[in-house]
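Biologist: I would like to learn to read this model feature by feature. Please give me the general idea each time, then the case at hand.

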Amino acid sequence: MKKDNIAPFFAILQAANPTPETELEYTTPFELLAAVLLSAQATDVGVNKATRKLYPVANTPQAILDLGVEGLESYIKTIGLYRSKAKHLIEACRMLVEQHGGKVPRTRAELEALPGVGRKTANVVLNVAFGEPTMAVDTHIFRVSNRTGLAPGKTPLEVELKLEKRVPLEYRLHAHHWLILHGRYVCIARKPQCWQCAVAAYCDFKPKTPAPKAG
């Protein structure tokens, strides 16, 4: 994607959705952190179903610690990899209580030190909870960045660093949400819906997918 096309690309996405939000349900930084940790290789819809039952009972690090691993598992067993996620979340809660006074830290290094929290999860928390202009590269962003030519790269980190260089500052805070939603609903994995894509004119992907024939 040519540099001159990047600003109009994001301007169109912004016009369609000025204040995009995560589809994970949360009310505090800790609820967001826990939800993102649980969302690895799972859908936001599935995580929300589980946390709607979990959070009214336990929505702080200490409360989840008090549940114990088996108690936590009973709430999240509908989520994929729930056993390992329960262990990670319990250990993360232990560190939050012992090292951070039960608060979610605001630096990438401290977040990534928590069990089950990688760079992507840390970036989501920094962006959504604390308003940092980070790029949390998931499968959707990785695909859209490569397919459109916006920020091609062989690894999520390479794509993230290119996005930080190429996305204009005025769009950086919400850029990862726009790209996730675009990848989830328009620039989908198997067959991008180019015929109804508002930013197709600025995208390097060829040949564009034609509209399906009626009947």
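Biologist: Which residues do ring pairs link into a cluster?

Modeller: Ring pairs join Phe-9, Phe-10, Tyr-171 and Trp-178 into a cluster. A word on the basis: this is a predicted model, where local features need pLDDT of at least 70, side-chain atom pairs count only at pLDDT 80 or more, and totals for chains, interfaces and linings use all residues. Residues are numbered from 1 along each chain as its sequence is written, and side-chain values use heavy atoms, with hydrogens and water left out.

Biologist: How many aromatic pairs does the structure hold?

Modeller: The rule first: rings of Phe, Tyr and Trp (its six-membered ring) pair if their centres lie within 6.5 Å; planes under 30 degrees apart count as stacked, over 60 as edge-to-face and the rest as tilted. The structure holds 4 aromatic pairs. Take Phe-10 and Tyr-171: the ring centres are 6.0 Å apart and the planes are at 20 degrees, so this pair is stacked.

Biologist: Where in the chain do Phe-10 and Tyr-171 lie?

Modeller: Elements come from DSSP runs (helices: H or I, at least four residues; strands: E, at least two), numbered from the N terminus. Phe-10 is in helix H1 (residues 3–16), and Tyr-171 is in the loop between helix H9 (156–166) and helix H10 (172–185).

Biologist: Is Trp-178 buried or exposed?

Modeller: Relative accessible area decides: buried means under 20%, exposed over 50%, partly exposed in between (1.4 Å probe, protein chains only). Trp-178 is buried at 3%. Phe-10 is buried at 0%, and Tyr-171 is buried at 10%.

Biologist: Which charged end sits over the ring of Phe-205?

Modeller: A charge sits over a ring if NZ of Lys or CZ of Arg is within 6 Å of the ring centre and within 35 degrees of the ring normal. Here the charged end belongs to Arg-147, 5.5 Å from the centre of the Phe-205 ring.

Biologist: How many salt bridges does the count come to?

Modeller: A salt bridge is a side-chain nitrogen of Lys or Arg within 4 Å of a carboxyl oxygen of Asp or Glu. The count comes to 5 salt bridges. One of them joins Glu-25 and Arg-52 at 2.7 Å, N to O. Glu-25 lies in the loop between H1 and helix H2 (29–38) and Arg-52 in helix H3 (residues 44–54), so this bridge ties together parts 27 residues apart in sequence. Glu-25 is partly exposed at 33%, and Arg-52 is partly exposed at 48%.

Biologist: Which parts does the bridge between Asp-44 and Arg-184 tie together?

Modeller: The N to O distance in that bridge is 3.4 Å. Asp-44 lies in helix H3 and Arg-184 in helix H10, so the parts tied together are 140 residues apart in sequence. Asp-44 is buried at 15%, whereas Arg-184 is partly exposed at 24%.

Biologist: What separates Arg-94 and Glu-91 in helix H5?

Modeller: About one helical turn, because they are 3 residues apart in helix H5 (residues 82–100). Arg-94 is partly exposed at 33%, and Glu-91 is partly exposed at 36%. Elsewhere, salt bridges that share partners join Glu-23, Asp-44 and Arg-184 into one network.

Biologist: How many residues does H5 have, and what span does it reach?

Modeller: The expected span of a helix is 1.5 Å times one less than its number of residues. H5 has 19 residues and reaches 25 Å from its first C-alpha to its last, close to the 27 Å expected. Gly-101 follows H5, with a positive phi near 60 degrees.

Biologist: What covers the buried residues of H5?

Modeller: The cover includes H2 and helix H4 (61–76). Among the buried residues of H5 are Tyr-82, Leu-89, Ile-90 and Leu-96.

Biologist: How many helices and strands does the protein chain have?

Modeller: The protein chain comes to 10 helices and 0 strands. Of its 215 residues, 46% count as buried.

Methods:
Contact means heavy atoms within 4.5 Å.
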